[in-house]
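Please read this briefing with the sequence and the 3D model side by side, and look up each residue as it is named.

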Amino acid sequence: MATLFSAACRAEIERNIAKYPPEQKQSAVMAALIAAQTELGWISPAVIEEVAQILGMPTIAVDEVATFYNMYNTKPIGAYKIVVCTNLPCQLSHGADAAEYLKQTLGIGFNETTPCGTFTLKEGECMGACGDSPVMLVNDKRMCSFMSHEKIDALLAELRIAKTNYAEGSAA
């Protein structure tokens with residue numbers, strides 16, 4: 001059977017499956033989707049189908065997980081996904097201002113990607129750091145706190161440089 005996943009990705013999925021009794025291997029669905037997304041960048045319908053086959057689940061059940069949680073990208077995204085917390089505590093601490101500043105600076109709205117493919121902007125729910133607002137999450141892994149306009153500008157510049165350096169390094 002042809003696979004979308006590398007041997008390393010498949011090994012990561014199998015490692016997570018092994019955490020559960022064989023009759024409960026479906027419990028690894030979230031970890032399997034994360035492994036696939038880490039490797040491929042997003043969760044396509046083909047990825048959902050392959051994860052379902054690996055876990056012995058109906059495809060619709062995997063799709064329900066992938067579309068329920070906002071950490072899964074069910075459409076291609078930019079090199080950097082920036083999620084801005086828009087829950088009420090963050091809104092009361094300049095979260096809305098930070099979101100608007102990002103929209104204006106990047107020239108995109110929520111659920112959009114910059115034409116250059118560098119940034120995708122998303123709206124997020126509580127990130128558990130209300131006292132650090134405005135809060136942003138970069139690529140589901142890096143939490144950024146107290147995001148003033150200056151800190152947003154610095155973050156965007158850093159990410160642009162990182163993308164350029166990565167592109168130059170992979171072209172060599």
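The points below go through the sheet, a helix, the cysteines, a pocket and several loop residues.

This is a predicted model, in which local features need pLDDT of at least 70 and side-chain atom pairs count only at pLDDT 80 or more, while totals for chains, interfaces and linings use all residues. Residues are numbered from 1 along each chain as its sequence is written, and side-chain values use heavy atoms, with hydrogens and water left out. Helices (H or I, at least four residues) and strands (E, at least two) are DSSP runs, numbered from the N terminus.

**The sheet**

- Five strands form an open sheet with mixed pairing, in the order β2-β3-β1-β4-β5, where two strands pair if DSSP finds at least two bridges between them.
- The edges are taken by β2 (112-113) and β5 (142-144), and because each of these has a single partner strand, one side of each is left without a neighbour in the sheet.
- Strand β1 (residues 80-85) runs antiparallel to strand β4 (residues 136-138), and three bridges join the two; in this pairing, Ile82 stands opposite Val138 in β4.
- The pairing of β1 with β3 is parallel and has six bridges, and here Val84 stands opposite Glu123 in β3.

**The covering of β1**

- Strand β1 is mostly covered, since six of its six residues are buried; buried means under 20% relative accessible area, exposed means over 50%, and partly exposed lies in between (1.4 Å probe, protein chains only).
- Tyr80, Ile82 and Val84 point one way from β1, whereas Lys81, Val83 and Cys85 point the other way, and all of them are buried.
- Helix α6 (residues 95-106) lies across β1, β3 (119-124) and β4, and runs at about 150 degrees to β1.
- For that angle, axes are lines fitted to C-alpha atoms, for helices over the stretch in contact, and angles run from 0 to 180 degrees between N-to-C directions.

**The cysteines**

- A disulfide is a covalent bond between the sulfur atoms of two cysteines, and the cut-off used here is a pair of cysteine sulfur atoms within 2.5 Å.
- A search of the whole structure finds zero disulfides.
- The cysteine sulfur closest to that of Cys126 belongs to Cys130 and is 4.1 Å away, which is too far for a bond.
- Cys126 is partly exposed, with a relative accessible area of 44%, and Cys130 also counts as partly exposed, at 34% relative accessibility.

**The largest pocket**

- The largest pocket has a volume of about 390 Å³, and of the 20 residues that line this pocket, the closest to its centre are Asn70, Tyr72, Asn73, Asn111 and Lys122.
- Strands β2 and β3 each supply at least two residues of the lining of the largest pocket, and β3 gives the most, with four residues.
- On a 1 Å grid over the protein atoms alone, a pocket is an open set of points with protein on both sides within 12 Å along at least five of seven lines, whereas a cavity is a set of points where a 1.4 Å probe fits but cannot get out; lining residues have an atom within 4 Å of a point.
- Grid points are joined across faces, edges and corners, and a volume is the space filled by probe spheres set on the points.

**Residues in the loops**

- Thr118 is found in the loop between β2 and β3, and because its relative accessibility is 7%, Thr118 counts as buried.
- Not counting residues up to four places away in sequence, Thr118 touches Gly78, Ala79, Tyr80 and Lys163, where contact means heavy atoms within 4.5 Å.
- Pro134 lies in the loop between β3 and β4, and a cis peptide bond, with omega about -5 degrees, joins Ser133 and Pro134.
- His94, in the loop between α5 (88-92) and α6, has a phi near 75 degrees, a positive value in a residue other than glycine, and at 57% relative accessibility His94 counts as exposed.
- Asp140, in the loop between β4 and β5, has a positive phi near 60 degrees, and at 29% relative accessibility Asp140 counts as partly exposed.
- Ser145 has its place in the loop between β5 and α7 (149-171) and counts as buried at 17% relative accessibility.
- Leaving aside neighbours within four places in sequence, Ser145 is in contact with Asp132, Pro134 and Lys151.
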